[in-house]
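Take a look at the model below. The text then walks through a few places in it.

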Amino acid sequence: MTARTATLSTYWDRAGGVNLLPVAVALIAFLLIGAPSSWITLTVAGLAMGMMLFLMASGLSLVFGLMDVLNFGHSAFVSFGAFISAAVLAGLGGWLAADSWVLNASALAAAYLAAICFGLIAGWFFETVIIKPVYRDHLRQILITIGAMIVAEQTILAFWGGTPFSVARPHFLEGSWIIGDVSIEIYRAFAFALGAGVFVLLYVGLNRTRIGLLIRAGVEDREMVEALGFRVDRLFIGVFMLGSALAALGGAMWAGYETLITPHMGADLMIVVFIVVIIGGLGSIEGTLLGALLVGLMSNYVGFLAPKLALASNMILMVAILLWRPNGLRPAVK
Amino acid sequence: MITSDTRHTTGTLVIKSVVALIAALLLFAPFLFQDVRSLEVAARICIFIVLVASFDLLIGYTGIVSFAHTMFFGFGAYGAAILLKQMGPGWTPVLLGALAGVAVSLVFAVAIGLLSLRVKAIFFAMITLAAASVVLVLASQLSQITGGEDGIIYKSPDLFKTATKLLTDADGKVVRLWDVKLNGKLAAYYFVFITSLILFLAMLRFVGSPFGTVLKAIRENEARAEAIGYRVVAYRTAVFCLSATIASLAGTVYAVWLKYTGPDTALSFSIMIDILLMVVIGGMGTMWGAVIGAVLLILAQYYLRDLMGAASEALTGVPLLPELLAPDRWLFWLGIIFILLVYFFPRGIAGTMMTGRKGA
């Protein structure tokens, strides 16, 4: 085979294939928007939103890949994470109000840690009590996790009431940097950096460690890994807890981003998270990141260009991608 | 999995007689319970029986979960509502609205079915959820057409006005039968009752037909049904379209009865959760279960809240319990009951009774 037979698609693949889609979307948006300064602001907002969506969606995708379990109650972790971190921040109001940078940061860290710890514990509880009895029965899984979602949402309503809850932000994350005529909200940059950090950790963990190897092998072929003598079910509890903790962290970051949260936020975000997971392809975190960035960028660009289409744009994106690749962009599950 | 054995066991007889009793109560509801609220409850039960049974066609007979059922219900309701508002009261807008609702529902059902049933059944659940939420947002944003969050208020056909006299005596007053005025409200209730009955009987007939048997075969063993030569995707898409059509018709009837259509009564996600709870509590894959589930849940919705309010007040002072027992928290308890039911009685009330005590 000579170089002449190289088709457009091989060039496409060599250049990065589907990974280029977010870049393509950004370029098209640049042409449509015209003004570079608003384009940069929107792109940063889109990337930050994408990273938070990635945190919420990655656990869902991995859990499905590893154990064929689809958790419709995943949104409960997101809303609980948001409310717990908001409550911790409200409780540590003294630290937040203090003039010291260190105290501010430690209040935020405490809030995030509380959300993560809750995610770990609730994830363990959820997996052993709610999901374990219905392995391998999709219908009952969907029903039971929906039931769990209802109970979780009602619990939040019972604790915090139905009125919107305002979230305090540490002082050093307020405001924005102004470079020329471009303004970048600091919180968005922070959310992007934190999300990117978590992605790198996850990526290295999955690709460079022994446990990561086992998880990836389990996604490919669970029975084979079990036959080799590994306890995939224990691994699964670990992945489930990790996924729940990430969702709670994502919720906590989202709470700071929105600054006003309601008990329904989890259910509202769930739709977007599902779209992310479907676009990205179930079971791979690279796919999830790709889907999350696409959705984040798309909703910010479309929200600027044609506000009424903002939510429909995600749906159109999903339909288009499913028509092109019925299993999503980078599925790990065949 | 769920098995629906239709042999005439005692359980089957009990379930069928309960359903017959419910039907009789609904038939004479205006004469038995003579206040406005009870009639409202009875009409809501009729419509939800149809809605839940059409959802049961999907979940119970093909094993796929759709979250877009309220979307179809909403298409039917909004179709009638928009036309009744634009063209004024009359039968033409109702008919045209019903047709338009069904047409839009069919287009959506075919598109969603072909797009997602091909891949994985679990994709279907996610995609229907996404589609339904987008439609809900659109309905509240396109306020020129749909009335936005406030919905649409309109008049139903003249026959159903409370002032309409169906029969008059010599003095020109409305005839009373067992102390009930034979007025338009009564006609409206019987319109709801009879259309619901026809739709329900049609579904019952459909489930017993050869087509229904194929659906059961697909539910029990998809690969085997495919191997015998039935095209699973085609059958699933067809039944999805059918259930969408019936949901849309039920929506039209509800819109005519309520004389108001808005996101909360026709499209919201909480209606979807109600339907899901009704079908699981009643029993999937039996059709009779839909009747029992709808009746139980709607009665609970209307009357359990009062009870919970009383309990909550009685417990003031105890930490957290009053908040959990507050009337608004009734979904919390239903959610717990729902989870327990899915664990221990996945066949629901009707399914468990009808198959006897052969292992859960």
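B:Lys259 sits in the loop between α11 (232-258) and β4 (260-261) of chain B. Helices (H or I, at least four residues) and strands (E, at least two) are DSSP runs, numbered from the N terminus. This is a predicted model, where local features need pLDDT of at least 70, side-chain atom pairs count only at pLDDT 80 or more, and totals for chains, interfaces and linings use all residues. Residues are numbered from 1 along each chain as its sequence is written, while chains are lettered from A and ligands numbered from 1 in the order in which they are written.

B:Lys259 is not a glycine, yet its phi is positive, about 60°. (Buried means 20 or more other C-beta atoms within 10 Å of the residue's own, exposed 12 or fewer, partly exposed in between; C-beta atoms are placed from the backbone.)

B:Met287 is not a glycine either, and has a positive phi of about 70°. Its loop runs between α13 (269-282) and α14 (288-314) of chain B. B:Met287 is buried, because 26 other C-beta atoms lie within 10 Å.

Now to chain A. Strands β2 (residues 176-179) and β3 (residues 182-185) of chain A run antiparallel, joined by four bridges. (Two strands pair if DSSP finds at least two bridges between them.) A:Ser176 stands opposite A:Glu185. Two residues lie between the strands of this hairpin, and A:Gly180 has a positive phi near 65°.

Last, the contact between the chains. It takes 30 residues from chain A and 34 residues from chain B, counting residues whose C-beta atoms, placed from the backbone, lie within 7 Å. On the side of chain A that touches chain B, α7(A) gives the largest share, 15 residues.

How values were computed
Contact = placed C-beta atoms within 7 Å.
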